[in-house]
Amino acid sequence: MSLILALAMAASPPEPIFACSFGAKQLVVTEAGGALVYRYGTPKKTELRLVADAASHHVFYHRTLYARAEDQTLRFVSGDYNYVVYAHWSAPDAGMTEESSTPESYYGGLIVMRGERELASYRCRSGGDMREWPIFKTLPQDEANMTPPE
């Protein structure tokens, strides 16, 4: 087997559940071995990596559905700190016209908390979309919707 063929057949990195850029920093959440992996930092240096599964009670999921929109959050817990990854999506208006139209929109980001106090909030400059994944159904549910308004 040629080296090129072997490289082409090598396992590709896991598809992100959530990926977002804040400029030089980025946040990526992936699934590996039945757990969610949270990675924050630059492409070359990881500043914070958290791995959590349903049994650990260190990751929680929330989803709120609206008539033509949804909010989703993944909250990772590390000691006194909470890292809330959020995504909001809304569908375009039904029957859009040139005079009155609301296109599809989405935004996402990260909220860092210590206890109940918000320490930082970052809105994605690019990315920030989250689709529902089967692993979400296994996670403990958060009762509160922590997605900030647009």
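Tyr86 and Tyr107 are both buried, where buried means under 20% relative accessible area, exposed over 50% and partly exposed in between, with a 1.4 Å probe and protein chains only. Their ring centres sit 6.3 Å apart with the planes at 70 degrees, so this pair is edge-to-face. The rule is that rings of Phe, Tyr and Trp (its six-membered ring) pair if their centres lie within 6.5 Å, with planes under 30 degrees apart counted as stacked, over 60 as edge-to-face and the rest as tilted. Because Tyr86 belongs to strand β7 (residues 81-90) and Tyr107 to strand β8 (residues 105-114), the pair ties together parts 21 residues apart in sequence. Strands (E, at least two residues) and helices (H or I, at least four) are DSSP runs, numbered from the N terminus.

Keep in mind that this is a predicted model: local features need pLDDT of at least 70, side-chain atom pairs count only at pLDDT 80 or more, and totals for chains, interfaces and linings use all residues. Residues are numbered from 1 along each chain as its sequence is written, and side-chain values use heavy atoms, with hydrogens and water left out.

Back to the rings: the structure holds seven aromatic pairs. In one of them, Phe22 and Tyr122 have ring centres 5.5 Å apart and planes at 50 degrees, so the pair is tilted. Phe22 sits in the loop between β1 (18-21) and β2 (26-32), while Tyr122 is in strand β9 (residues 117-123), 100 residues apart. Phe22, at 12% relative accessibility, counts as buried, whereas Tyr122, at 35%, counts as partly exposed. Elsewhere, ring pairs join Tyr38, Phe76, Tyr81 and Tyr83 into a cluster.

Now for the nonpolar cores, meaning sets of buried Ala, Val, Leu, Ile, Met, Phe, Trp, Tyr and Cys residues joined through side-chain atoms within 4.5 Å. The largest has 26 residues, and Leu36, Tyr38, Leu74, Phe76 and Val85 have the most contacts inside it. β1, β2, β3, β4, β5 (59-66), β6 (69-78), β7 and β8 each supply at least two residues of this core. Apart from it lies another core of five residues, including Tyr86 and Ile111.

Two of those strands also make a hairpin: β3 and β4, with four residues between them. Strand β3 (residues 35-41) pairs with β4 (residues 46-52) in the antiparallel sense over six bridges; strands pair if DSSP finds at least two bridges between them. Gly41 stands opposite Thr46 in β4.
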